[in-house]
Amino acid sequence: MTARYFDVVVLGRSLGALSAAALLARRDFRVLLLGQGQRPPSYEYERFRLKRRAFTLLFGSSPVWVRLLHELAQSQRFRRMVSPLDPMFVMSSGGRHIEVPPDMELFVREIDREFPEVRQLVDELYATIAPVNAAVDAVFEKDAVWPPGTLWERIETRRSGSTLPLTRGAESDLLAKFPVGHPYREIVTLPPQFATGLFASGDYLPPLALARLHGSWTRGIQCLEGGEDELEEFLLERIEAHGGECRLSHRAASLVVRLGKIAGVLEEGEEEVTGTDSVVTDLSGEAVADLSGGEGISPGARRDWPRLTASAGRFVVSLVVKKRALPDPLGAEAFLTGRAGARPDPRHPSVHLQRMDGPDDEATLVAETVLPIRGPLTVLEAREAVLTTLREHLPFLDQHVLVVDSPHDGLPLLDKTRGTAREMDRIHLSGTTAGAEPMQWLWSVEPAGYLDLGGEPIRGPVPGSYLVGSTVLPALGQEGQLLAAWGAARIITQKDKGRQKMRRQMWTKIET
């Protein structure tokens with residue numbers, strides 16, 4: 001027996017891990033959250049706040065997130081925290097500058113001005129995408145496990161998901177009617193590439209994932225003023241408000257397995273085991289198996305576990321610049337590509353750029369690109385490649401830049417606040433490591449998972465472990481993590497027969 005016991009131990013601080021922890025704490029489980037060595041979204045250099053990763057709140061209209069907020073009784077509060085983004089994003093490509101506003105009439109004017117030759121094809125495309133997203137909303141509104149694991153879950157999920165379009169290969173290419181190489185293809189395909197957790201050669205995404213992610217970018221994006229930091233604080237507050245304990249600086253050194261299932265976790269620096277029946281984590285199944293030392297892995301997992309490979313990562317560069325270096329039409333979300341008609345050049349990669357204006361005459365830019373692990377560009381060359389793309393679209397960048405840094409290459413921070421460029425060793429930065437930090441991974445899945453959307457199952461390789469990270473439904477990005485979190489919370493709740501009825505009465509009351 002152990003002196004310390006929690007119903008559920010959650011490892012990680014991603015959207016999936018925090019959402020699962022908040023749901024379980026709300027349902028009266030005693031929850032312990034360990035940060036598992038994952039670092040916060042931001043870090044600091046002197047008075048500057050830099051970002052580890054780009055973050056866009058694409059799940060604000062997802063039925064899963066709406067249901068989660070309703071259960072946490074936070075719908076009204078979250079609605080006050082967010083504001084709509086207008087334009088939703090900007091595309092700068094080959095001399096063209098296209099804004100995608102939430103107002104349909106303005107969007108039609110943009111298409112008529114820039115792409116009159118494909119106006120009818122654009123109308124047909126969105127006439128296809130709109131009902132697809134309506135059908136997905138209707139399916140995700142239902143309480144089901146995605147992806148399903150047991151026989152009953154497969155029956156239940158298949159029943160609710162039988163109406164999903166674009167899942168049987170009938171319409172394999174949403175852009176088949178568009179001319180090859182037409183610039184409007186990039187408007188459709190580029191934003192989803194920076195929203196998915198799936199990596200596939202040729203910029204290919206399953207049709208349903210492409211329609212869903214493009215819909216997330218074009219149905220109205222909400223913005224949090226504090227970004228991912230504010231979202232993390234919001235969910236941590238909910239966990240603690242319902243009795244959960246959060247130790248973001250702690251991590252589990254190993255999982256304790258007894259009689260073939262998880263019995264506890266051993267924290268780093270601790271001698272006493274913390275008892276638990278369930279471990280929820282945003283780690284991959286392979287990482288869970290490593291934490292258990294290979295013990296307790298079920299025969300089914302050894303035989304049928306899918307193979308996930310980290311094939312690419314999101315390489316991020318943070319910049320602080322004077323606002324006069326930025327053109328007025330540059331929105332809060334932008335996508336920058338190379339010259340029209342030019343062959344793809346890895347040293348001029350496509351970039352997702354976020355702009356956050358500060359109170360003074362300064363703005364923080366967060367630029368990210370997808371960096372293949374086995375591509376022609378190394379991590380040490382990626383920062384300069386991203387800056388090359390930025391210079392093409394922002395010609396006065398070098399004259400007005402103050403700080404440049406990336407947490408992923410381990411190179412010194414560039415400081416130009418005093419006029420001359422100085423390389424600052426990473427020991428002078430607060431909240432980061434002295435070396436390179438890992439990127440957010442994009443996964444290749446073999447064989448293809450559930451409806452071509454899935455990767456690993458929610459139930460981990462060791463009985464009692466549950467996965468809620470980007471490896472479960474990688475094709476759906478953020479919404480995939482929310483679905484995995486909801487599914488894990490549902491499975492754990494159903495296991496607790498004694499208090500299940502009481503909890504259901506508690507968390508299905510009308511929100512006040």
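Phe59, Trp65, Phe78 and Phe234 come together in one aromatic cluster, where rings of Phe, Tyr and Trp (its six-membered ring) pair if their centres lie within 6.5 Å. The model is predicted, so local features need pLDDT of at least 70 and side-chain atom pairs count only at pLDDT 80 or more, while totals for chains, interfaces and linings use all residues. Residues are numbered from 1 along each chain as its sequence is written, and side-chain values use heavy atoms, with hydrogens and water left out.

Across the whole structure, a search returns twelve aromatic pairs. Phe107 and Tyr126 make an edge-to-face pair, at 5.7 Å centre to centre and 90° between the planes; planes under 30 degrees apart count as stacked, over 60 as edge-to-face and the rest as tilted. Phe107 belongs to helix α4 (residues 104–114) and Tyr126 to helix α5 (residues 119–140), so this pair links parts 19 residues apart in sequence. Helices (H or I, at least four residues) and strands (E, at least two) are DSSP runs, numbered from the N terminus. Phe107 is buried, at 10% relative accessibility; buried means under 20% relative accessible area, exposed over 50% and partly exposed in between (1.4 Å probe, protein chains only). The rings of Phe194 and Phe335 are tilted, with centres 5.9 Å apart and planes at 45°. Since Phe194 sits in the loop between α7 (184–193) and α8 and Phe335 in strand β16 (residues 333–336), the pair ties together parts 141 residues apart in sequence. Both Phe194 and Phe335 are buried.

Charges also meet rings here. The charged end of Arg67 sits over the ring of Trp486, 4.3 Å from its centre, and Arg30 lies over the face of Phe6, at 4.3 Å from the ring centre. The criterion is NZ of Lys or CZ of Arg within 6 Å of the ring centre and within 35 degrees of the ring normal.

Turning to the strands, an open sheet of five runs in the order β10-β3-β2-β14-β23, with parallel pairing; two strands pair if DSSP finds at least two bridges between them. Its edge strands, β10 (245–247) and β23 (465–467), each pair on one side only. Within this sheet, β2 (residues 8–11) and β3 (residues 31–34) are joined by four bridges, and Val9 has Leu32 as its bridge partner in β3.

Elsewhere, strand β18 (residues 362–372) is largely enclosed by the rest of the structure, because nine of its eleven residues are buried. Strand β15 (residues 307–322) pairs with β18 in the antiparallel sense over eleven bridges, with Arg314 partnered by Val370. Strand β17 (residues 351–357) is also antiparallel to β18, over six bridges, and a hairpin with four residues between the strands joins β17 and β18.
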